[in-house]
Amino acid sequence: MNSFKRVFLIVMDSVGIGEAPDAEKFNDKGADTLGHIADHMNGLKMPHMGSLGLSNIRNIKGIEEASKPKAHYTTMAEASNGKDTMTGHWEIMGLYIDQPFRTFPDGFPNELLDQIKEKTGRGIVGNKPASGTEIIEELGEHHMETGDLIIYTSADSVLQIAAHEDVIPPQELFEICEFCRELTKDEKYMVGRVIARPFIGASGAFERTSNRHDYALKPFGRTVMNEMADEGLDVVAIGKISDIYDGEGVTESIRTKDNMDGMDQLVRTMDKDFTGMSFLNLVDFDAKFGHRRDPRGYGEALEAYDECLPEVLDKMKDDDLLIITADHGNDPVHHGTDHTRELVPLIAYHKGIDQGKELDQRQTFADIGATVSENFSIKMPAHGKSFLNDIQ
């Protein structure tokens, strides 16, 4: 079989499939995102993922094992030292992260906050892990009265600053975030992303605007996406993919509102004639349900995603490859609100498969990057082993 003209890569953000071999080191013994959600739902209704071989990887309650799976399937273990979104995605595209991004469960150190106060001349409130909507409701009125910056974090490596657009115009907020980005990019803080979170409205009815802006670290080395773009191939980033890689190697970026919009944008991308990769992240699983420890909401989101798959499969051309995976776990019945160190599913589908088979377990997410590289005959990443021959 010749190489694939288009690769469609879907990352189901945080959809782990059971504890990784080194889960105990990350305090994640027993974590099982898909398994625990399925148990909580008394069975997941995901027949289309089932037909591709999801329950052939391991039995997931409610999802029937396919007697003749349409796709090849296995699990992947993460090699990098971390369990966050950026580490997982960067590894998928061929990088190995040895120094994990820092999280701040007790808030940011005073030394950092003092530098922000001195630069901006503003006070700071919050400084704790919080839901963005909840902390705006809690502190928005105070912010409007004082002009203090609302600074908060999450279980991810992120520093977020919320400000009312009438108090701090978006451009001023962006400049503050750019300053914070410079402060936090070295090993002392190692913050993955700084995010501007403008909002509008009055107390009791505050609303975040579309003027959000992410300031990510640049990948620490060249990724498969850089190599693709340099060779004139298309890299279409859907959802927060462009932010995760700070635009590196992205030839087209498409914003999304939520998972369903992400799937709609993917389908629209499939109608385009291009040579290269379309790369989609479905963030709702993680942000709306995993961190908020909402197994029912997570399960319903998985079922809604599954209902969208037939349209994707119907639009596949003979020389298209679809890869479905995840970047870490976020078990909604696990302790805390953090990600979980888990194996992730790997499903590879194209129309030339007569009957899917189980692939060898992958020892690094970078095997996807290596496979994409071999397919397009570009420079291979230093990490990862291609499974291209195994799926053709």
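Modeller: Start with R122, which forms a salt bridge with E172. Keep in mind that this is a predicted model.

Colleague: Why is the contact between R122 and E172 called a salt bridge?

Modeller: The closest N and O atoms are 3.3 Å apart. The cut-off is within 4 Å, so the pair qualifies. R122 sits in the loop between α5 and β3, E172 in helix α7, 50 residues apart.

Colleague: Why is E172 called partly exposed?

Modeller: E172 has a relative accessible area of 29%. Buried means under 20% and exposed over 50%, so E172 falls in between.

Colleague: What makes E78 and R341 a salt bridge?

Modeller: Their closest N and O atoms are 3.6 Å apart. That is within 4 Å, so the pair counts. E78 lies in the loop between β2 and α4, R341 in the loop between β12 and β13, 263 residues apart. D22 joins E78 and R341 in a network of salt bridges.

Colleague: How do you know whether E78 and R341 are buried or exposed?

Modeller: E78 has a relative accessible area of 7%, and R341 has 3%. Both values are under 20%, so both residues are buried.

Colleague: Why do you say that β1 and β11 pair?

Modeller: Two strands need at least two bridges; β1 and β11 have seven, so they pair. Their sense is parallel. One of the bridges joins R6 to G276 in β11.

How values were computed
Residues numbered from 1 in each chain as written. Predicted model: local features only at pLDDT ≥ 70, side-chain atom pairs only at ≥ 80, totals over all residues. Heavy atoms only, no water. Helix = DSSP H or I, 4+ residues; strand = E, 2+ residues; numbered from the N terminus. Salt bridge = Lys/Arg side-chain N within 4 Å of Asp/Glu carboxyl O. Buried < 20%, exposed > 50% of the residue type's maximum accessible area, 1.4 Å probe, protein only.
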